[in-house]
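Have a look at the fold first, then read on.

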Amino acid sequence: MSAIALTLTVPEVQPEQAYQQLNIAIAGGIAEPQDLVGLRLPEGVNWSQGVILNGRAPIWVYAYLVHECHAAAWVACYDPRLGGAVVVESHRKGVNVAQVIALTPE
């Protein structure tokens, strides 16, 4: 069983700002490369929306998840220092790489 757990949340926002948040949790705080084997995204990802990756994880976990989420309208990585998520990949006009999607703390 993988030490990496993924959950999907859909924040309530205006339809034109719709995105999903892919939350990353690592049991015991330590992940091993072997944990990527068999790791699957949660059911119900809406690829017509953006996906924000959120959670403490090694850079190689983020790299894997950006690749797995490639079909999404856009992909961003949350950075609490910026108060938002930095877009790292986009297939949607009006959402650009390096753009910071502002998020309000829950």
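Predicted model: local features only at pLDDT ≥ 70, side-chain atom pairs only at ≥ 80, totals over all residues.

Residues are numbered from 1 along each chain as its sequence is written, and side-chain values use heavy atoms, with hydrogens and water left out.

Start with Gln49, which sits in the loop between strands E2 (19-26) and E3 (50-54). Strands (E, at least two residues) and helices (H or I, at least four) are DSSP runs, numbered from the N terminus. Gln49 counts as buried because its relative accessibility is 17%; the cut-offs are under 20% for buried, over 50% for exposed, and partly exposed in between, with a 1.4 Å probe and protein chains only. Leaving out residues up to four places away in sequence, Gln49 touches Ala18, Tyr19, Gln20, Ala72, Ala73 and Trp74, where contact means heavy atoms within 4.5 Å.

Now for E4 (residues 74-79). Five of its six residues are buried, so the strand is largely enclosed by the rest of the structure. Its pairings are below; two strands pair if DSSP finds at least two bridges between them.

| Pair | Bridges | Direction |
|---|---|---|
| E3 and E4 | four bridges | parallel |
| E4 and E5 (residues 84-90) | six bridges | antiparallel |

Val51 has Val75 in E4 as its bridge partner, while Cys77 is partnered by Val86 in E5.

How many residues lie between E4 and E5 in their hairpin? There are four, and Gly83 in the turn has a positive phi of about 70 degrees.
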